[in-house]
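Student: I am new to this structure and would like to go through it step by step. Could we look at it together?

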Amino acid sequence: MNRSELVAALADRAEVTRKDADAVLAAFAEVVGDIVSKGDEKVTIPGFLTFERTHRAARTARNPQTGEPIQIPAGYSVKVSAGSKLKEAAKGM
């Protein structure tokens, strides 16, 4: 399912226009992005998803073409965890 299909499904389910559903989806993505980028807290939708920023330590890797070691600096990543209701839905229960 791509974004336009998701917007259409949301609009049909919530009985709103596609424009309104798209605006809500865009606002949701923006708010989650802002909160995760700050790293102070995680965003949790109980039973569905959790978004949080995680720290990745610096590490040494190898260049696959030359085999020489390269340093990868420390940074941040995003962890998305499925909630219990989403896991049950994926199992088909």
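Predicted model: local features only at pLDDT ≥ 70, side-chain atom pairs only at ≥ 80, totals over all residues.

Student: Which domains does the assignment give for the protein chain?
Tutor: The domain assignment gives domain 1 (1–37) and domain 2 (39–92). Taken over C-alpha atoms, the centres of domain 1 and domain 2 are separated by 23 Å.

Student: How many residues of domain 1 are in contact with domain 2?
Tutor: Five residues of domain 1 are in contact with nine residues of domain 2.

Student: And what area is buried between domain 1 and domain 2?
Tutor: About 570 Å² is buried between domain 1 and domain 2, and carbon and sulfur atoms give 72% of that area. The accessible area lost when the parts come together is often used to give the size of an interface.

Student: Turning to helix 1, what span should its 12 residues have?
Tutor: Helix 1 (residues 3–14) should span 16 Å at 1.5 Å a residue, and its end C-alpha atoms are 16 Å apart, so the two values agree. After helix 1 comes Glu15, whose phi is positive, near 55°.

Student: Which residues of helix 1 are buried?
Tutor: The buried residues of helix 1 are Val7, Ala8 and Ala11. They cover an arc of only 100° around the axis, so they lie on the same side of helix 1. In general, an α-helix has 3.6 residues a turn, so residues three or four places apart point the same way.

Student: What do the buried residues of helix 1 pack against?
Tutor: They pack against helix 2.

Student: Is Leu25, in helix 2, buried or exposed?
Tutor: Leu25 lies in helix 2 (residues 18–38). Leu25 counts as buried because its relative accessibility is 17%, and the cut-off for buried is under 20%.

Student: Which residues is Leu25 in contact with, leaving aside neighbours within four places in sequence?
Tutor: With those neighbours left aside, Leu25 is in contact with Arg3, Leu6 and Val7. As for Ile72, it is 47 residues from Leu25 in sequence and 34 Å away in space, C-alpha to C-alpha.

Student: Now the core: which residues make up the largest nonpolar core?
Tutor: It consists of five residues: Val32, Val36, Val43, Leu49 and Phe51. Helix 2 and strand 2 (49–56) are the elements that give two or more residues to this core.

Student: What does Leu49 touch, not counting residues up to four places away in sequence?
Tutor: Leu49 touches Val43, Thr44, Val80, Ser81, Ala82, Gly83 and Leu86.

Methods: Residues numbered from 1 in each chain as written. Heavy atoms only, no water. Helix = DSSP H or I, 4+ residues; strand = E, 2+ residues; numbered from the N terminus. Buried < 20%, exposed > 50% of the residue type's maximum accessible area, 1.4 Å probe, protein only. Contact = heavy atoms within 4.5 Å. Core = buried A, V, L, I, M, F, W, Y, C linked by side-chain atoms within 4.5 Å. Expected span 1.5 Å × (residues − 1). Arc of directions from axis to C-beta. Domains from an automatic or database assignment. Buried area = accessible area lost by both parts, 1.4 Å probe.
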